[in-house]
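Good morning, and thank you for coming. Please have the sequence and the structure open as I speak.

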Amino acid sequence: MKPTDTPPKTYRVKSFGCQMNVYDGERMGELLNEKGFSQAPDGEDADLVVLNTCHIREKAAEKIYSDIGRLTKGKTQKKAPMIAVAGCVAQAEGEEIMSRAPSVSMVVGPQAYHRLPDMLDKAVKGERATDTDMPAIAKFDSLPARKKRFPTAFLTVQEGCDKFCTYCVVPYTRGSEISRPFGDLVDEAMRIVDNGAREITLLGQNVNAWSGDDAKGRSIGLDGLIRELAKIPDLHRIRYTTSHPNDFTPGLVACHGEVEKLMPYLHLPVQSGNDRVLKAMNRQHTAESYLRLLEEVRAARPDIALSGDFIVGFPGETEAEFKDTLSLVDEVGYAQAYSFKYSPRPGTPAATMDNQIAKEVMDDRLQRLQERLNRNQKAFNASKAGQNCTVLVERKGKFENQWLGKSPWLQSVWFEGDVTIGDLVEVNLVEAGPNSLEGALREVAAI
Ligand code: SAH
Ligand code: SF4
Ligand code: F3S
């Protein structure tokens, strides 16, 4: 690779995959701003493009090579930019990317992106660089202070996974479970709120495995952290995602009933409703234990909106086993959910299991599952019609005087009125659609 005569000045970060990647993408942007770069305006060419990738399913991982191709051939923008590949594909396939895609200057894993500025200095000199080390805490320590103003913000509190579900790449791409220290998180949360955030979503691959020592040196879990953050006066809403059923403590269940700022929404993946499949997936919980847990959470917070993740067509899944998943869906009554066809991932135990399921069978099962889930979601939305609730205004709608925001149950709500982004407003939910609700503005809270 040749040295560049004109060092890059503008950048664009494109994040794929989960919310943790969105958080990482924002932080990479902040690092680049500090180095004197500026974000390329929408629609304009960027000198540097960071592809912040996801490895969770085959389609997501393969997309990266076509994105690189389009950037290099001038199909995405007029001038080919300098390219950095970050995120989970970088971690899993760093060397392969370097050999398959000569136009890539930098490959940086999710735990090493704080070193991006040094890598850039090398890239400008024409040296290609790969960094897929995993010094997780060091990364957070060397990131600049948060600056963005937004009504809603993500805050990564925990990273990595020790669960090793047999289908999943996350333990390999994100490393083992680590919790960021309590004091750092309280500081970052206060800074985000000072900058305008009214809602914070705490993030982690297994966020409810977070643990730490509070200011008095007492050992606490995620519930303790939530209770502490709830004391920040201008922070009005707290959410967290994603949890594993086995890391759910009685303290966290109680939090849902006691902490008003903790929103009534819980994303708790189950993957399958059949115990043999759950065992083969190494989920380490049963359908029954999952349902019992949800009952406890509902007892603490009866109006809670439940969400989940599902995989259809795991190796060996029979029609009868799949039907157990359908039954579980109806038993829970999800407000919202994500469902996927099983995708064999290199290096995971399930990829080499016998009885891989044919694509047509998976297509059929996914369609039937999604029908159920959509019906559940419609019913949940309909159950809210006529009620009053608060909405945090997130952005302008398509039409004059129209605004969009989220209900406490994470539904999209649109309404008309004289408000601004970041307002917490009281609306009456007048009509429920499958994916959003229409609200009528009642009042704007003084905050
Ligand atoms: N840590 C979280 C989320 C992990 S990834 C959890 O355990 O719940 C998000 C979702 O992607 C998973 O919950 C699962 O439903 C799905 N997923 C992961 N690996 C997959 C694979 N190989 N094929 C299809 N879906 C997968
Ligand atoms: Fe993947 Fe399972 Fe860990 Fe979730 S708990 S990240 S699905 S290994
Ligand atoms: Fe994808 Fe990595 Fe998140 S594989 S889902 S970006 S942890």
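I shall go through the ligand surroundings, a cavity, a helix and a loop residue in turn.

Please bear in mind throughout that this is a predicted model.

I begin with the ligands. Which residues surround ligand 3? They are C18, N21, T53, C54, H55, I56, C88, R174 and Q205. Sorted by class, this shell holds four nonpolar residues, four polar residues and one charged residue.

Around ligand 2 we find C161, K163, F164, C165, Y167, C168, V170, P171, N206, H244 and R283. Here the shell divides into seven nonpolar, two polar and two charged residues.

How many cavities of 30 Å³ or more does a search of the whole structure find? The search finds two. I shall discuss the second largest cavity, whose volume is about 40 Å³. Its lining consists of F16, T53, C54, A60, K63, I64 and D67. Helix α2, residues 58-72, contributes the most to the lining, with four residues. By class, the lining comprises four nonpolar residues, one polar residue and two charged residues.

I turn now to helix α12, which covers residues 319-332. Which residues of α12 are buried? They are E321, F322, T325, L326, L328, V329 and V332. These residues lie on the same side of α12, because they cover an arc of only 160° around the axis. A320 and E331, on the other side of α12, are exposed. As a general point, an α-helix has 3.6 residues a turn, so residues three or four places apart point the same way.

Finally, a single residue in a loop. L268 sits in the loop between β14, residues 265-267, and α10, residues 275-280. Is L268 buried or exposed? Its relative accessible area is 0%, so L268 is buried. L268 and S243 are 25 residues apart in sequence, and in space their C-alpha atoms are 5.6 Å apart.

That concludes my presentation, and I welcome your questions.

Terms used
Residues numbered from 1 in each chain as written. Chains lettered and ligands numbered in written order. Predicted model: local features only at pLDDT ≥ 70, side-chain atom pairs only at ≥ 80, totals over all residues. Heavy atoms only, no water. 1 Å grid on protein atoms, 1.4 Å probe; cavity = no way out; pocket = protein on both sides within 12 Å on 5 of 7 lines; lining within 4 Å. Points joined across faces, edges and corners; volume = space filled by probe spheres on them. Helix = DSSP H or I, 4+ residues; strand = E, 2+ residues; numbered from the N terminus. Nonpolar A, V, L, I, M, F, W, Y, C, P; charged D, E, K, R; others polar. Near = heavy atom within 4 Å. Expected span 1.5 Å × (residues − 1). Buried < 20%, exposed > 50% of the residue type's maximum accessible area, 1.4 Å probe, protein only. Arc of directions from axis to C-beta.
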